[in-house]
Amino acid sequence: MTTFSANDNEFMSRAIRLAKKGLYTTHPNPRVGCVITKDNTIVGEGWHKKSGEAHAEINALNQAGKLAQGAIAYVTLEPCCHTGKTPPCTTSLIKAGITRVVAAMQDPHEKVAGKGFEILQAAGIEVKVGLLEQQAQCLNPGFIKRMQHGRPFVRIKMAMSVDGRTAMASGESQWITSESARNDVQHWRAQSSAMLTGIGTILSDNPSLTVRQNNESLDELAIDQPLCVILDSHLQLPVDAKVIQRPGKILVFTNSTEQQKVVSLEEVGVQVVHVNKSVNGLDLDQILAHLASIEINEVMIEAGATLAGSFIESGLVDELIIYMAPVLMGDQARALFHLPIIEKMSQKIQLNIKEIRQFGEDIRIIATLS
């Protein structure tokens, strides 16, 4: 078992905090931080800021300069060893004279996956792996999911009353939760590669589905709007819908063969992708596989009870984010999820609560499904 010193833990913790600075901007690349130390003093640090720009290790090496000679590099993810939009980080670490690399985790990308460590070791650099690995994995759930399973990490965001209702019977739903909770939602949208909804939500609410940069932590960042994904079996999306006017790309999945509707949407900048039909609508597995193929890491679903329930029933949901407001809406109001009939307690769907936090008067629950 690899052992790490108190200093190792301190510097890797710093690297993880640096990686979080790229939470909203690195898509489709992973969020990575790097700290370079000499004689237990930080001489350089950096994080990956945006795809196509320098990786965390390069930013840290540039800050360290000549002090990198004989230094230790702490990095939250295995250094890359292939040429993509930028040169290999392994080459730069070797040339700089780094003598020890401490990494939190191995890179799951097939072009790296241990090869970076092998190159560093072949150059005489000591390599240690596994320090604060779980924390490092939490930085990049979508990147890891896409590399290992060929699909994005899927979150469902819902807002409900204490009695589990999301809208009145008429469909009226604005607003169940407070402004504080709605502001928090913007952070989840901002860190998502794509936002996904169904045509029912578009037709009933006519939302813009954008990241609203209405607080200090988002205002200062150059955030690209997530890809907007709409599931629309019969291509009912109006060409004058608000969502079409939003900045950023729009992708519609359908099984309609009405070519004129396809043409009309493509003329206003919408990309239309045909997928197979399943028992409950469109083939959700095929949709997620396509999103992974275009480098979508994290998908946030903001949809009605039917589509949200279909994703849960299909076993495709990685995380639930539920905001609960201190209100009652009555048994005629709309339910949180439409799920198959559950008749026995043995059939209930168990949730694992990861976090409970209060925003204003509302409570945010983050949970996974067993």
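This briefing walks through a few helices, a sheet and a loop residue in the structure above. The model is predicted. A nine-strand open sheet and the buried residue Thr26 round out the tour.

**Helix α2 and its partner α3**

- Helix α2 covers residues 56-64 and helix α3 covers residues 89-96; their axes come within 9 Å and cross at roughly 20°.
- Angles under 35 degrees count as roughly parallel, so α2 is roughly parallel to α3.
- The crossing in which α2 passes α3 is left-handed.
- On the α2 side, the contact is made by Glu57, Ile58 and Leu61; on the α3 side, Cys89, Ser92, Leu93 and Ala96 take part.
- Sorted by class, this contact of α2 with α3 has five nonpolar residues, one polar and one charged.

**What else surrounds α2**

- Ala56, Glu57, Ile58, Ala60, Leu61 and Ala64 are buried in α2.
- Besides α3, the buried residues of α2 pack against the strands β1, β2 (41-47) and β3 (72-75).
- An α-helix has 3.6 residues a turn, so residues three or four places apart point the same way.
- Just after α2 comes Gly65, which takes a positive phi of about 60°.

**Thr26 in its loop**

- If you look between α1 (6-19) and β1 (33-38), you will find Thr26 in the loop.
- Thr26 has a relative accessible area of 1%, and under 20% counts as buried, so Thr26 is buried.
- Leaving aside residues up to four places away in sequence, Thr26 touches Arg31, His48, Lys49, Lys50 and Ser51.

**The nine-strand sheet**

- Nine strands make up an open sheet with mixed pairing, and their order is β11-β10-β9-β8-β14-β6-β15-β18-β17.
- At the edges sit β11 (270-274) and β17 (351-359), each of which pairs on one side only.
- On average, and ignoring direction, neighbouring strands of this sheet are turned by 25° against each other.
- Strand β10 (residues 250-254) runs parallel to β11, and five bridges join the two.
- Within that pairing, Ile250 has Val270 of β11 as its bridge partner.

**A helix across the sheet**

- Helix α12 (residues 284-293) lies across several strands: β6 (153-161), β9 (227-231), β10, β11 and β14 (298-301).
- Relative to β10, helix α12 runs at about 150°.

Key. Residues numbered from 1 in each chain as written. Predicted model: local features only at pLDDT ≥ 70, side-chain atom pairs only at ≥ 80, totals over all residues. Heavy atoms only, no water. Axes fitted to C-alpha atoms, helices over the stretch in contact; angles between N-to-C directions. Helix = DSSP H or I, 4+ residues; strand = E, 2+ residues; numbered from the N terminus. Parallel < 35°, antiparallel > 145°, perpendicular 65-115°, else oblique. Left-handed = near helix turned anticlockwise from the far one by under 90°. Contact = heavy atoms within 4.5 Å. Nonpolar A, V, L, I, M, F, W, Y, C, P; charged D, E, K, R; others polar. Buried < 20%, exposed > 50% of the residue type's maximum accessible area, 1.4 Å probe, protein only. Pairing = 2+ DSSP bridges.
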